[in-house]
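Subject: Structure for you to look at

Hello,

Here is the structure I promised to pass on. Please open it alongside this message, and then read my notes below.

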Amino acid sequence: ADNMAKTAAKEDAKAAPAAAAATEPAGPQLGPVVKEGETVFGVAHIFASMNDTFVHVTDISGRETIVRVTGGMKVKKDSDESSPYAAQMAAVDVAARCKEVGITALHIKVRGYGGNRSRSLGPGAPSALRALARSGLQIGRVEDVTPIPTDGTRRRSGRRGRRL
């Protein structure tokens, strides 16, 4: 009789977590808690080099990554990674993920190589920004955060520069 009571208690203990799991949502809740009609900002870091374009969305502090997609993830050919088309496709994916998580507006930080290299933006930056704006997300501030050297290391190319 004692064995039967013990097995019945074990079966009840197994059934209790299953019932509790059915009422709770499966998995953790991602992104901020959003009220209806509330504007939730994220930060889109667009790094556009001559070889690739990164579209990386974080929370407002910049600490938690929400989604990161590159041009190289969207095309097959290596030389197309920095193209405006690849950047546009990456930005469309990022915008869709932001809407899933609950981000409704983005501040944008655009960055080129910088430092002792070229400070010009790659070809994917304008099209990525345009795709984010057309996707239905609100755009806050747009800022250029390309690093500018304050007398850093010596630039490559030698004493007389690159001779063509």
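One definition before the findings: helices here are DSSP runs of at least four residues, numbered from the N terminus. Please also keep in mind that this is a predicted model.

**Salt bridges**

The structure holds two salt bridges.

Take the one within a helix to begin with. Arg97 pairs with Glu100, and their closest N and O atoms are 3.0 Å apart. Where do Arg97 and Glu100 sit relative to each other in helix H2? They are three residues apart in that helix, so about one helical turn separates them. Arg97 is partly exposed, at a relative accessible area of 28%. Glu100 is exposed, at 61%. The cut-off for exposed is over 50%, which is why Glu100 gets that label.

The other salt bridge joins the side chains of Lys74 and Asp93, at 2.4 Å from N to O. Lys74 counts as partly exposed, at 32% relative accessibility. Asp93 also counts as partly exposed, at 31%.

**Thr70**

Thr70 is in strand E3. Is Thr70 buried or exposed? Its relative accessibility is 9%, so Thr70 counts as buried. The cut-off for buried is under 20%. Leaving out residues up to four places away in sequence, Thr70 touches Asp52, Thr53, Phe54 and Ala90.

**Helix packing**

Helix H2 also packs against helix H3 (residues 125–134). The angle is about 30 degrees, and the axes are 8 Å apart. How are H2 and H3 oriented to each other? They are roughly parallel, because angles under 35 degrees count as such. Their crossing is right-handed.

These residues make the contact:

- From H2: Pro84, Ala87, Gln88, Ala91, Val92, Val94 and Ala95.
- From H3: Ser127, Ala128, Ala131 and Leu132.

What kinds of residue are these? The contact of H2 with H3 has nine nonpolar residues, two polar and no charged.

**Where to look**

Start with helix H2 on screen. Then turn to the contact with H3, where Ala91 and Leu132 are among the residues involved.

Best wishes

Technical notes: Residues numbered from 1 in each chain as written. Predicted model: local features only at pLDDT ≥ 70, side-chain atom pairs only at ≥ 80, totals over all residues. Heavy atoms only, no water. Salt bridge = Lys/Arg side-chain N within 4 Å of Asp/Glu carboxyl O. Buried < 20%, exposed > 50% of the residue type's maximum accessible area, 1.4 Å probe, protein only. Helix = DSSP H or I, 4+ residues; strand = E, 2+ residues; numbered from the N terminus. Contact = heavy atoms within 4.5 Å. Axes fitted to C-alpha atoms, helices over the stretch in contact; angles between N-to-C directions. Parallel < 35°, antiparallel > 145°, perpendicular 65-115°, else oblique. Left-handed = near helix turned anticlockwise from the far one by under 90°. Nonpolar A, V, L, I, M, F, W, Y, C, P; charged D, E, K, R; others polar.
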